[in-house]
Amino acid sequence: MEAMKPFLTDFYGNASSIYRLGRESAIAINNARSDIAECLGCEAREIYFTSGGSESDNWAIKSTAALMAKENKKHIISTVFEHHAVLHVLKTLEKQGFEVAYLPVNKNGVVRAEDVENAIRPDTALVTIMYANNEIGTIQPIPEIGEICKKHGVPLHTDAV
């Protein structure tokens with residue numbers, strides 16, 4: 001709260017504007033971007049801020065799909081159990097010619113990593129599976145799925161909000 005307080009009271013300008021309050025906000029955002037990049041061991045230019053989880057999911061999935069489509073990879077793997085932020089963007093991508101495999105989950109709401117691996121094809125562009133279900137709290141085997149995706153050279157997106 002102490003770190004945020006100045007930006008709720010004194011530095012509330014639009015960071016994209018040219019006026020003083022905006023410039024001060026832009027400096028603070030760039031400093032935060034640099035701090036986060038240092039913690040993650042990446043470049044500041046690789047850090048993007050969004051308005052929330054749905055926007056982030058949409059951006060990640062759509063941009064990866066567009067990039068992979070350039071390599072004629074238009075197959076996406078997900079589950080029937082995803083948040084609507086993911087399901088809605090997948091339905092949109094299907095209308096654009098992508099094929100989506102919606103994997104089932106067991107009675108506890110968990111997808112089997114083996115099912116993910118069995119669904120991967122040469123034209124698989126992306127696997128997108130939530131980390132924890134927002135309704136019942138089940139945790140998906142993301143580390144195992146990540147290893148499978150890495151082995152097959154397929155990008156993995158997880159909604160970890």
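Which residues line the largest pocket? In this predicted model, local features need pLDDT of at least 70 and side-chain atom pairs count only at pLDDT 80 or more, while totals for chains, interfaces and linings use all residues. Residues are numbered from 1 along each chain as its sequence is written, and side-chain values use heavy atoms, with hydrogens and water left out.

The largest pocket is lined by Ala3, Met4, Phe7, Phe11, Tyr12, Ala28, Ile29, Ala32 and Phe49. A pocket is an open set of points on a 1 Å grid over the protein atoms alone, where a 1.4 Å probe fits, with protein on both sides within 12 Å along at least five of seven lines; lining residues have an atom within 4 Å of a point. The space in the largest pocket is about 220 Å³, a volume being the space filled by probe spheres set on the points, which are joined across faces, edges and corners. Its lining comprises nine nonpolar, no polar and no charged residues, where Ala, Val, Leu, Ile, Met, Phe, Trp, Tyr, Cys and Pro count as nonpolar, Asp, Glu, Lys and Arg as charged, and the others, Gly among them, as polar. Helix 2 (residues 20-40) gives the most to this lining, with three residues; helices (H or I, at least four residues) and strands (E, at least two) are DSSP runs numbered from the N terminus.

The second largest pocket holds about 190 Å³ of space. Its lining includes Gly53, Ser54, Asp57, His83, Ala85 and Asp159, and by class it has six nonpolar, four polar and two charged residues. Helix 3 (residues 53-69) contributes the most, with three residues.

Ala85 is also one of the buried residues of helix 4, together with Val86, Leu87, Val89, Leu90 and Leu93; buried means under 20% relative accessible area, exposed over 50%, and partly exposed in between (1.4 Å probe, protein chains only). These buried residues pack against helix 3, strand 1, strand 2 (99-103), strand 3 (124-128) and strand 4 (156-157). Helix 4 (residues 84-95) has 12 residues and reaches 16 Å from its first C-alpha to its last, close to the 16 Å expected at 1.5 Å a residue, the expected span being 1.5 Å times one less than the number of residues. Just after helix 4, Gly97 takes a positive phi of about 100°.

Ser78 belongs to strand 1 (residues 75-79) and counts as buried because its relative accessibility is 0%. Beyond its neighbours within four places in sequence, Ser78 is in contact (heavy atoms within 4.5 Å) with residues including Val86 and Leu90. Asn72, in the loop between helix 3 and strand 1, is exposed, with a relative accessible area of 65%. Although Asn72 is not a glycine, it has a positive phi of about 60°.
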